[in-house]
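Open the model in your viewer and keep the sequence panel beside it. This tour goes stop by stop, telling you what to select and what is there.

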Amino acid sequence: AMPVLHGLEAKARDDADVQNRLGFAYRKTDQLEKAGFHYEQALRLDPQHKGALEYQGELFLMLKDKASAEANYERLKKICWLGCDELDDLEDALKNYNG
């Protein structure tokens, strides 16, 4: 998946969805610093990107930074005031956090 995502990034560097997917792929392969960079890029491009807020929150939990994950959760609550899957998923991750 990485070569495909990097190909997409080369064509659409300013695409928050591509940056978010790169962050996800790096997080799932335990390359946490690179994941963080791409989530930051996604949120720079779209500060209300629900997927990036959720996934970055999950990354924060992996890094034992519960306060930052909770901050992302609060941001999602404002964006998803009627609810959304990203909010539910980050809420579940926070509830299951054993840091």
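A salt bridge here is a side-chain nitrogen of Lys or Arg within 4 Å of a carboxyl oxygen of Asp or Glu. Keep that cut-off in mind for several of the stops. The model is predicted, so local features need pLDDT of at least 70 and side-chain atom pairs count only at pLDDT 80 or more, while totals for chains, interfaces and linings use all residues. Residues are numbered from 1 along each chain as its sequence is written, and side-chain values use heavy atoms, with hydrogens and water left out.

**Stop 1: the whole chain**

Show the cartoon. The protein has six helices and zero strands. Along the sequence the pattern reads α-α-α-α-α-α. Helices are DSSP runs of H or I with at least four residues, strands are E runs of at least two, and both are numbered from the N terminus.

Now colour by accessibility. Buried means under 20% relative accessible area, exposed means over 50%, and partly exposed lies in between (1.4 Å probe, protein chains only). Of the 99 residues, 38% count as buried.

**Stop 2: two loops with positive phi**

Select Asp30. Asp30 sits in the loop between helix 2 (16–28) and helix 3 (32–45). What is its phi? The phi of Asp30 is near 65°, a positive value in a residue other than glycine. Most residues other than glycine have a negative phi. Asp30 is exposed, at 59% relative accessible area.

Move on to Lys64. Lys64 belongs to the loop between helix 4 (50–62) and helix 5 (66–79). The phi of Lys64 is positive too, near 60°. Lys64 has 60% relative accessibility, so it counts as exposed.

**Stop 3: helix 5**

How many salt bridges does a search of the whole structure find? The search finds four.

Select Lys66 and Glu70 and show their side chains. Lys66 and Glu70 meet in a salt bridge, at 3.9 Å from N to O. Both residues lie in helix 5, four residues apart, about one turn of the helix. Lys66 is partly exposed at 34% relative accessibility. Glu70 is also partly exposed, with a relative accessible area of 36%.

Next, select Glu74 and Lys77. Their closest N and O atoms are 3.6 Å apart, in a salt bridge. Why are Glu74 and Lys77 separated by about one helical turn? Because they are three residues apart in helix 5. Glu74 is partly exposed, with a relative accessible area of 40%. Lys77 is partly exposed as well, at 36% relative accessibility.

Stay on helix 5 and pick Tyr73. Buried or exposed? Tyr73 has a relative accessible area of 15%, so it is buried. Draw a distance from Tyr73 to Asp89. The two are 16 residues apart in sequence and 9.8 Å apart in space, C-alpha to C-alpha.

**Stop 4: the disulfide**

A disulfide is a covalent bond between the sulfur atoms of two cysteines. The cut-off used here is a pair of cysteine sulfur atoms within 2.5 Å. The structure holds one disulfide. Cys80 and Cys84 form it, with their sulfur atoms 2.1 Å apart. Look along the S-S bond: the angle about it is 75°, and the link is right-handed. Both cysteines, Cys80 and Cys84, are buried.

**Stop 5: helix 6**

Select Lys95 and Glu91. Their side chains meet in a salt bridge, at 3.8 Å from N to O. Lys95 and Glu91 are four residues apart in helix 6, so about one helical turn separates them. Lys95 is exposed, at 60% relative accessibility. Glu91 is partly exposed, at 26% relative accessibility.

Finally, select Asp85, Asp88, Asp89 and Asp92. Together they gather in a patch of negative charge on the surface. Patches are made of residues with over 30% relative accessible area and no salt bridge, with like charges joined within 9 Å. Asp and Glu count as negative, and the place of an Asp charge is taken as CG. Accessible areas come from the Shrake-Rupley method with a 1.4 Å probe.

Zoom in on Asp88 to finish. Asp88 is found in helix 6 (residues 85–95). Asp88 is partly exposed, with a relative accessible area of 36%.

Definitions and conventions: Patches are made of residues with over 30% relative accessible area and no salt bridge: like charges are joined within 9 Å, nonpolar side chains (Val, Leu, Ile, Met, Phe, Trp, Tyr) within 5 Å.
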